Each structure stands twice: as structure tokens, then as C-alpha cells.
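Dear colleague,

Please find below the structure that I am handing over to you.

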Amino acid sequence: MNRPDELEQLWKTQPADAAMKGEEMRSIILKRTETFDRKIRWRNLRETIAAVAIAVFFTYIAWGQRNGLQRAGSFILVASALWIIYYIWRHGSDPADPNPDQTLAGYQRALVRRCEHQIRLLRNVKFWYLLPFYVGLLTGSVGMLKERAASGPLTWLDAIGPIFYTLVFAGVWWLNEVHAVRKLQRMRTKLMSNMEEAETQC
């Protein structure tokens, strides 16, 4: 999902000086907003390309599978990938663009809204992003274990696959819902602090 370090870098460039003129400040905020939006669009595009690749791959895999549960798992993964494509283009970014005629405070509020939108998106990543894929992988794994059990006893080696992707999914969850959300929250706090300082000086 997100690369929070890149987003946080927005606040380390062109620092906002309270003594700047309003037009200069507005130009900086607008540039930060455009950069933020561009990074989100690229993130959405990368996720879409990855989801398309997953859908194509598991469609091909399902075609040759005879085990019902394994095929069902592949179909769930295909459906999950298509769902991700829909969700990320429907909810992956804030559709509202700043009014070009609004005040500096309006631009700042618009950027805060974008930040809050991404925080909400990432806080739910376990439901709309990870869970569908995990259910598909788990279903396929059950089918594979059932097939192996029919030809001989299962061993602890058969648990390596499910343990591995469970750990990977746990890591993805942490990177998004913990690490990235904290970065975005710091960005939002800093921007809101700048807004309060500007209002105090007015």
C-alpha cells in the first residue's frame, strides 16, 4: 500500500514560514497537495497492476485444477483481486479537489481532509484488502492439505505454506494500519498546528 516515508517527506521540503506572504503560503500548500495526490495516484496504479496480475495468474491456475477446494480458493483470489481494483479506484483517494479561488485556510483544510481520508482507508485495510486474499489462500490450502492427506499422513512441513503467508499478511497489516497511519497522523498534526498558528497571528 502506502509509502509513508515519501508522504512524510512533503513536510521536510519548503518549510512553511509564518512570515511568508499569504500567496507564497498558498502556493506551497497547493504544491504539497498536488504532490500528495500524485503519490496516491501512483500507489493506486501499482496496486491495480498487481491485482490484475493476480487475477490473470489465478484464473490460469484454476483452469487446470481438479480439486474443488483448490479451484474455489483460486476463484476467491480472482474475485478478491477484482474487488481490490474496484475498491481502490472508488475509495483510494479523496475525489474533492481544492477550489482554486479559496483561501489559504481552505487549501490547508483540503490537505488535512486528504490525509484523514488515507488514515481511514489504511485503518480498514485488514477488511477490504487483506481478508479477501487470505480467505482465498486459506481455502486453497485446505484443498491442498485434503489432497495430500488422501495419499498419506500430513507432517509439520505441510503447515509451512499457511504459516508463511499468515506472517506476510501480518507484516502488511502492521505496515499499513500501524506504521503508515502513524506517519499520516504526524503529518495531519503538523498541518493542523500550522493552521492554528496562522489563525493566531491573523
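**Helix packing**

Helices H4 and H5 are oblique to each other, a term for angles that are neither under 35 degrees (roughly parallel), nor over 145 (roughly antiparallel), nor 65 to 115 (roughly perpendicular). The two helices, H4 and H5, pack at an angle of about 45°, with their axes 5 Å apart. Axes here are lines fitted to C-alpha atoms, for helices over the stretch in contact, and angles run from 0 to 180 degrees between N-to-C directions. In this packing, Leu121, Leu122 and Arg123 of H4 meet Val125, Lys126 and Trp128 of H5, where contact means heavy atoms within 4.5 Å. By class, the residues of the contact of H4 with H5 are four nonpolar, no polar and two charged. Ala, Val, Leu, Ile, Met, Phe, Trp, Tyr, Cys and Pro count as nonpolar, Asp, Glu, Lys and Arg as charged, and the others, Gly among them, as polar.

Please note that the model is predicted: local features need pLDDT of at least 70 and side-chain atom pairs count only at pLDDT 80 or more, while totals for chains, interfaces and linings use all residues. Residues are numbered from 1 along each chain as its sequence is written, and side-chain values use heavy atoms, with hydrogens and water left out.

Helix H5 (residues 125–151) also packs with helix H3 (residues 68–91), at an angle of about 170° and with the axes 7 Å apart. H3 and H5 are therefore roughly antiparallel to each other. Their contact comprises 16 nonpolar, seven polar and two charged residues.

**Aromatic residues**

The structure holds eight aromatic pairs. Rings of Phe, Tyr and Trp (its six-membered ring) pair if their centres lie within 6.5 Å; planes under 30 degrees apart count as stacked, over 60 as edge-to-face and the rest as tilted. The ring centres of Trp128 and Tyr129 are 5.5 Å apart and the planes are at 75°, so this pair is edge-to-face. Tyr129 and Phe133 also form an edge-to-face pair, because their ring planes are at 85°, with the centres 6.1 Å apart. Tyr129 and Phe133 are four residues apart in helix H5, and therefore separated by about one helical turn. Together, Trp83, Tyr86, Tyr87, Trp128, Tyr129 and Phe133 form one aromatic cluster.

Both Trp128 and Tyr129 are buried, meaning under 20% relative accessible area, whereas exposed means over 50% and partly exposed in between (1.4 Å probe, protein chains only). The relative accessible area is 14% for Tyr129 and 10% for Phe133, which is buried as well.

**Buried polar and charged side chains**

Gln108 is found in helix H4 (residues 104–123) and is buried, with a relative accessible area of 3%. Leaving aside residues up to four places away in sequence, Gln108 touches Met25, Ile29, Leu191 and Met195. Arg43, in helix H2 (residues 22–64), is buried with a relative accessible area of 1%. From C-alpha to C-alpha, Arg43 and Gly92 are 9.0 Å apart in space, and they are 49 residues apart in sequence.

**The chain as a whole**

The chain has six helices and zero strands; helices (H or I, at least four residues) and strands (E, at least two) are DSSP runs, numbered from the N terminus. Of its 202 residues, 40% count as buried. Among contacts between residues at least 6 apart in sequence, 80% join residues at least 24 apart.

Yours sincerely
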